[in-house]
Amino acid sequence: WSEVNRCGQNGDFARALKSVNKILQINKDDVTALHCKVVCLIQNGNFKEALGVINTHTKVLTSDVIAFEKAYCEYRLNRIESALKTIQSASQQTDKLKELYGQVLYRLERYDDCLAAYRDLIRNSQDEYEEERKTNLSAVVAAQSTWEKVVPEDLGLREATYELCYNSACALIGQGKLNEAMKKLQKAEELCRQSLSEDSDVTEEDIEAELAIIHGQMAYIMQLQGRTEDALQLYNQIIKLKPTDVGLLAVIANNIITINKDQNVFDSKKKVKLTNAEGVEHKLSKKQLQAIEFNKALLAMYTNQADQCRKLSASLQSQSPEHLLPVLIQAAQLCREKQHAKAVVLLQDFAEQHPANAAEIKLTMAQLKIAQGSVTKACMILRSIEELQHKPGMVSALVTMYSHEEDIDSAIEVFTQAIQWYQHHQASQARGANPKSPVHLSLIREAANFKLKHGRKKEAISDLEELWKQNPKDVHTLAQLISAYSLVDPEKAKVLSKHLPSSDTMSLKVDVDALENSHGATYVRKKAAKLTGDNQQKEQGQGEVKKKKKKKKGKLPKNYDPKVTPDPERWLPMRERSYYRGRKKGKKKDQVGKGTQGSTTTGSSELDASRTASSPPTSPRPGSGAAVSATSNVIPPRHQKPAGAPATKKKQQQKKKKGAKGGW
């Protein structure tokens, strides 16, 4: 026994265990020896063996003696429900059991009970572990803010340690105060470096490993703020450090996958392996694990692993039957396979089984119907969502879709139903006062505008009259009403126009010069130039008529002869004048393209029979050159003007040249 005592004080529990076993060989039912053996096994990390000893000797080791050790072993073996039962069955609740009870409640995510347990511990205990209890208390508050969206109360904890700063930052993230949370994390990083640098045995690598969880939360804030590149860089830096916390690695890997989405799929498939590490399920909350499983299913869909996607989404749906995401993932996978009808049936069945989530499901169904081109069916689905059918956004969407389908009656019916809903539901809330809310009045106005646009003037008039009754001083509504009546009942429009304010009351006192000279004016009046001398005297005479500019004389042709009478037909085109005889053909046109290349047609004139009329009947002598010279001065008959021949116009299709008109 003295050896067991000495080894226990020195922390050498392995040697202490050997001594205890020697005692148990002498007396196997010694309660103290068995208790010491359980403690030694726990200190050595042999929780399963320790629990086996407790369960084997239940008659000797009663719950009063060994309750804490048994519950602790179950807690460390992740048998949280069993640990809770062991603690609750203990006859006496010691401080040790209360501490363990708080840890068990935290793991079970019963944060309200956990918060009460830690408050009781801090209030009724004073020892060196007070700082740790406050840290645990702040962790509970952070979990409530993050997972249950509870606004945390100010506990008045002094943030003297980096753990308290970190938990405070997590609580701020849960509230959406990202900038404040980032400042808290920076302070936590600074405090962590200061506290760890005081220990000479701690290396820089150890400090970076301890800061990994703080940096991971910083990267998460960057991701929420849309700074995905910075977040991705910081995430990868943490992974390179290879931290031992499998929970941290799993969360970072999951966040990287969410950044990649349907891009960089190969990297995402590698990161998924980090989320499957052993012990991850005991390090993360249920919502964190659920989010990781959802992302696995989505990644399987993006990588065209249809069977894997269905398997994961079906598993998620069995775990959380009322959750929306599993059925939405299944519907998305069916749509990728172009099975839209099956997707709609799947969503319809889920909406019928879970009416509480029917609104979101029906919105998805409507989107699928629109994608298929069935706009009318999509409208029917949207109108079946009772809790949304009166919302301005839903009314606007339905009216737009019905207008696209040219179903004006249904669009007006949507307006009417929404207006009636506000009339019935807000009258009771007003308690006799005016039940017309701004939303209700805006719907009536939009309905009137829509009816006017589509020619439903009488229906629009009734809406405008109701609006005017609600606010007789609304000139805009009155003007619309008069405009509508002018198309239907002009006399009524004249009567209503008397209610319009006079032009004097409506006139605006505007300084036109200041308005035109303002910075934003599109028209700027040009400033008049300074006038001096004679010009100034001329401007003073208001009745003085401006001098007319002298017209310049027209230019005459170069060959103009004043003695000759101009041709009266000079304004007509040349081809329309009485003396036009047509264009003369070129002299050498008949020679073009005849003979070989480079040759001349010297014999062409000899072959012309027309030339024989004026030439001597005898042929020229051979060798004499008189043949060409004899006919060189003779005018061919086609170029001669026949005496007294009538003027005939030849029909020639030629393009008009510029300047054909006129000429002297």
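Which residues gather in a patch of positive charge on the surface? The first legend answers this for a model that is predicted.

**View 1. A patch of positive charge on the surface.** R6, R15, K18 and K22 gather here. Helix α2 spans residues 13-26. Helix α2 gives the most to the positive patch, with 3 residues. R15 has its place in helix α2. The relative accessible area of R15 is 44%, so R15 is partly exposed.

**View 2. K98 and D120 in a salt bridge.** Side chains of opposite charge can pair when their charged atoms come close. Here the side chains of K98 and D120 meet at 3.9 Å, N to O. K98 lies in helix α7, residues 95-107. D120 lies in helix α8, residues 111-124. The pair therefore ties together parts that are 22 residues apart in sequence. K98 is partly exposed, at a relative accessible area of 29%. D120 is partly exposed as well, with a value of 26%.

**View 3. E208 and R193 in a salt bridge.** The side chains of E208 and R193 meet at 3.1 Å, N to O. This pair links distant parts of the chain, 15 residues apart. E208 sits in helix α12, which covers residues 204-224. R193 sits in helix α11, which covers residues 178-197. R193 counts as partly exposed, because its relative accessibility is 30%.

**View 4. E413 and R383 in a salt bridge.** The side chains of E413 and R383 meet at 3.4 Å, N to O. Distant parts of the chain are linked by this pair, 30 residues apart. E413 belongs to helix α23, residues 408-430. R383 belongs to helix α21, residues 375-383. Is E413 buried, partly exposed or exposed? E413 is partly exposed, with a relative accessible area of 38%.

**View 5. A network of salt bridges.** Which residues are joined into one network? They are E189, R193, E204 and E208. The salt bridges in this network share partners.

**View 6. Salt bridges across the whole structure.** How many salt bridges does a search of the whole structure find? The search finds 15. Among them is the bridge between K98 and D120. Another joins E413 and R383.

Note on methods: Residues are numbered from 1 along each chain as its sequence is written. This is a predicted model: local features need pLDDT of at least 70, side-chain atom pairs count only at pLDDT 80 or more; totals for chains, interfaces and linings use all residues. Side-chain values use heavy atoms; hydrogens and water are left out. A salt bridge is a side-chain nitrogen of Lys or Arg within 4 Å of a carboxyl oxygen of Asp or Glu. Helices (H or I, at least four residues) and strands (E, at least two) are DSSP runs, numbered from the N terminus. Buried means under 20% relative accessible area, exposed over 50%, partly exposed in between (1.4 Å probe, protein chains only). Patches are made of residues with over 30% relative accessible area and no salt bridge: like charges are joined within 9 Å, nonpolar side chains (Val, Leu, Ile, Met, Phe, Trp, Tyr) within 5 Å. Accessible areas come from the Shrake-Rupley method with a 1.4 Å probe; for residues, only the protein chains shown count as cover. Lys and Arg count as positive and Asp and Glu as negative; His and the chain ends are not counted. The place of a charge is taken as NZ of Lys, CZ of Arg, CG of Asp or CD of Glu.
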